Amino acid sequence: MGCGSSTNAYYFLRKSEKAFKAAVLIQRWYRRYVARLEMRRRCTWRIFQSIEYSCEQDQIKLHNFFSYLMDHFTPSSSKERDFISRMLTEEESYKDTEVEKLCDYESVEVPDSYTGPHLSFPLLPDHATALLEAFKQKQQLHARYVLKLLHETRKHLMQLPNIKHISTCYSVSFRVLGDLHGRLDDLFLIFYKNGLPSPEKSYVFNGDFVDRGKQSVEILIILFAFLLVYPKEVHLNRGNHEDHMVNLRYGFTKEVMQKYKVHGKKILKMLQNVFCWLPLATLIDQKVLILHGGVSDMTDLELLAKIQRHKFVSVLRGKKRREKGRHMDSQAINGEGPVGVDPPRSSSFPGSCLQPGPASTASMASRMELAQRVRQSVQEELENCRRQVEFSETPGDKELSCVSSVTVTESELESCETSESSQEEWKQIVDILWSDPMPQEGCKMNTVRGGGCYFGPDVTEKILQKHSLQFLIRSHECKQEGYEFCHNRKVLTIFSASNYYEIGSNRGAYVKLGPDLIPHFVQYQANKTAHTLTMRQRISRVEESAFRALREKLFAHTSDLICAFKSYDQDETGTIPLSDWATAVESVLQLGLPWRMLRPQLVCSTAGGRLEYKSWLDDLAVEQRSQEHIQSSLLETIYRNRSNLETIFRIIDSDHSGLISFEEFHQTWKLFSSHMNIELTDDGISNLARSIDFNKDGNIDFNEFLEAFRLLEHSHCDEKAAELLPTPPSREGS
């Protein structure tokens with residue numbers, strides 16, 4: 001009997017050992033499976049973010065390009081000066097009388113056939129909830145009510161400080177939301193989970209309400225309505241996308257014009273004036289600072305509180321404001337100042353560019369020395385701008401840098417002081433709207449986005465100690481879980497747009513803060529499809545979308561890739577090692593991606609560890625041509641430049657009509673030709689405009705603009721082909 005029980009125990013132990021080993025194997029397999037999925041997810045995330053930030057770089061480079069052109073363009077008539085002012089150099093928000101004239105909502109009639117929501121002012125809670133219900137039914141608010149709402153919102157925002165100070169009590173808690181980017185479903189879900197704004201439920205919306213999504217207009221209307229109904233419970237911060245120059249590229253301008261074809265231009269002008277009055281930051285209980293982007297080692301909350309924020313209609317225009325001040329000084333020097341115009345006075349811009357100040361007591365020698373230093377700093381700044389837009393120095397700039405014996409006037413010196421003050425204020429705003437945290441110590445330029453800076457834990461600690469803060473809340477970056485801590489939990493990133501890159505790519509989140517200021521997070525997925533997908537299905541779907549975008553990026557740089565591959569193919573075999581493929585691709589795209597890890601998804605087959613790069617690029621071309629039936633080399637150029645072309649079109653289309661008039665086209669070509677040293681007569685430009693106007697309606701739409709670009713590219717390709725053809729031998733005496 002004892003022998004039998006020992007045998008049973010032996011078999012039981014053997015069976016348990018097998019089960020244990022099987023469990024270990026399953027666990028090991030599952031961990032590897034999850035690790036591989038996580039690796040795929042992280043690679044996908046890197047692809048999306050790299051492409052997104054690369055587009056933001058393109059936007060800033062494009063604006064620098066136009067700024068550079070206009071810095072070196074002298075208008076020859078009042079028409080040209082007015083056109084440039086409309087296109088990129090609107091400096092300040094409008095005065096109240098001008099806003100009344102611009103808005104003019106009373107002249108907009110609401111037809112009897114209109115079935116959407118009606119608003120009366122002052123707004124009541126029922127009006128705000130009626131807007132929510134109307135937008136759920138896909139209804140649209142009439143332009144008259146939109147203009148009136150924007151007008152009232154602007155009046156309210158003008159009364160607010162740059163940094164709003166709010167406090168909690170035992171019965172009040174705050175919900176802080178990050179980027180929404182036109183995702184109305186996310187806002188509806190947040191209100192469903194947490195309740196509508198009310199005296200018991202306060203909200204802080206931390207910027208980037210618009211762009212990328214398709215319902216930015218509806219989000220703004222809802223937020224502005226609740227802001228007017230509950231001004232003490234609803235707080236809005238400005239983000240880097242509350243900028244009409246950014247809206248030109250990322251869709252909000254287009255959305256407004258599509259939804260309000262008749263009054264869209266008025267609405268866009270009013271939105272410019274509303275955006276520039278949005279507060280820059282919010283401070284809870286003097287302990288938690290909420291701002292959109294981040295901070296830098298130069299961030300000064302006291303200076304931020306004094307800035308006249310409405311002067312920065314577009315943060316991308318900071319450099320242009322300095323140029324305008326310099327132009328006003330030159331007018332004053334030459335006695336050409338505008339008649340009957342009083343010089344501006346403000347605490348943010350001490351002294352007037354057109355009036356003498358305390359500097360008049362300084363000696364001429366000291367002024368000459370100061371002016372020389374200023375000219376040197378201006379020349380360095382110009383050189384830096386030139387490098388950003390990748391231009392070489394022009395002979396005219398050399399002549400300018402050599403001029404040092406011009407008599408210095410008092411207004412010129414005061415202009416320098418005002419310019420420096422304006423530059424410092426502009427830098428403060430850029431940093432809080434565009435910056436990102438980094439794990440390393442220190443502070444450096446944000447070359448990935450092209451604006452703002454990267455700030456490290458030491459910079460965060462310095463800001464917190466200086467202003468007696470506990471932690472920072474910022475947005476500006478998409479996070480997979482909707483939120484993320486960094487810098488020893490002293491910086492919290494909150495992002496409220498779920499499915500930002502693709503369905504299932506990320507959750508949205510918001511944070512609750514009570515009197516104890518301990519953050520509590522709520523995460524969500526607004527798209528119902530994302531809930532039905534398994535983790536593997538979700539990652540596969542997002543991965544497919546990411547690699548599709550990456551292949552488009554590769555195809556758009558085909559010519560550059562061929563040149564890079566040939567530099568590694570010294571023997572002209574048409575093949576290169578796979579390691580050189582990864583190096584060459586990164587040298588062209590400069591996305592900072594792990595190309596060796598991504599290679600299996602991008603390169604299907606190789607022979608002997610080498611890649612036939614021409615056939616690989618041909619496969620990419622076939623994939624893109626299946627979507628658009630255009631010549632391969634031309635399609636490559638359009639893929640690379642379409643976003644820039646559309647942005648250029650909208651910049652030229654200064655009245656946002658969706659059409660470029662012949663006059664706008666004429667003035668733009670004068671601008672381009674002045675930089676490219678091309679002599680074009682007025683008749684020549686007019687003939688060019690008429691040749692682009694294919695339907696002969698007297699205007700140029702975007703399709704015609706794009707078609708003209710294709711024709712230009714065709715002509716360029718034909719010239720290249722002609723250069724490659726052998727020259728026929730000449731026949732002497734024929």
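Contact here means that heavy atoms lie within 4.5 Å. Helices (H or I, at least four residues) and strands (E, at least two) are DSSP runs, numbered from the N terminus. The structure is a predicted model, in which local features need pLDDT of at least 70, side-chain atom pairs count only at pLDDT 80 or more, and totals for chains, interfaces and linings use all residues. Residues are numbered from 1 along each chain as its sequence is written, and side-chain values use heavy atoms, with hydrogens and water left out.

The protein has 734 residues, and 50% of them count as buried. Buried means under 20% relative accessible area, exposed means over 50%, and partly exposed lies in between (1.4 Å probe, protein chains only). The secondary structure comprises 26 helices and 18 strands. Among contacts with a separation of 6 or more, 74% join residues 24 or more positions apart. The accessible surface comes to about 36,600 Å². Carbon and sulfur atoms hold 52% of this surface. Such areas come from the Shrake-Rupley method with a 1.4 Å probe; for residues, only the protein chains shown count as cover.

Two packed helices are described by the angle between their axes and the distance between the axes. Axes are lines fitted to C-alpha atoms, for helices over the stretch in contact, and angles run from 0 to 180 degrees between N-to-C directions.

The axes of helix 6 (residues 184-194) and helix 7 come within 9 Å. They cross at roughly 35 degrees. This crossing is left-handed. A crossing is left-handed if the near helix is turned anticlockwise from the far one by less than a right angle, and right-handed if clockwise. Helix 6 contributes Leu184, Leu187, Phe188 and Phe191. These residues meet Glu218, Ile219, Ile222, Leu223 and Phe226 of helix 7. By class, this contact has 8 nonpolar residues, no polar ones and 1 charged. Ala, Val, Leu, Ile, Met, Phe, Trp, Tyr, Cys and Pro count as nonpolar, Asp, Glu, Lys and Arg as charged, and the others, Gly among them, as polar.

Helix 5 (residues 143-157) and helix 10 (residues 264-275) have axes that come within 9 Å and cross at roughly 15 degrees. The two helices are therefore roughly parallel to each other. Angles under 35 degrees count as roughly parallel, over 145 as roughly antiparallel, 65 to 115 as roughly perpendicular and the rest as oblique. The crossing of helix 5 and helix 10 is left-handed. Residues of helix 5 in the contact include Val146, Leu150 and Leu157. Those of helix 10 include Ile267, Met270 and Val274. The contact has 9 nonpolar, 3 polar and 2 charged residues.

For helix 18 (residues 535-556) and helix 21 (residues 595-602), the axes come within 11 Å and cross at roughly 95 degrees. Helix 18 is thus roughly perpendicular to helix 21. Glu543, Phe547, Leu550, Arg551 and Leu554 of helix 18 meet Trp595, Leu598, Gln601 and Leu602 of helix 21. Here the residues divide into 6 nonpolar, 1 polar and 2 charged.

Helix 9 (residues 252-259) has the buried residues Phe252, Thr253, Glu255, Val256 and Met257. Their cover includes helix 7 (216-229), helix 8 (244-250) and helix 10.

Two buried loop residues follow. Leu278 lies in the loop between helix 10 and strand 5. Its relative accessibility is 0%, so Leu278 counts as buried. The C-alpha atoms of Leu278 and Leu157 are 6.2 Å apart, although 121 residues separate them along the chain. Beyond its neighbours within four places in sequence, Leu278 contacts Leu157, Phe209, Leu236, Arg238, Glu242 and Arg309. His241 sits in the loop between strand 4 (234-236) and helix 8. With a relative accessible area of 2%, His241 is buried. Not counting residues up to four places away in sequence, His241 touches several residues, including Glu56, His181, Asp208 and Tyr250.

Backbone geometry was also examined. Most residues other than glycine have a negative phi, and most peptide bonds are trans. A cis peptide bond joins Phe121 and Pro122, with omega about 5 degrees. Pro122 is in the loop between helix 3 (96-103) and helix 4 (125-136). Asp285 has a positive phi, near 55 degrees. At 21% relative accessibility, Asp285 counts as partly exposed. Ser468 also has a positive phi, of about 55 degrees.
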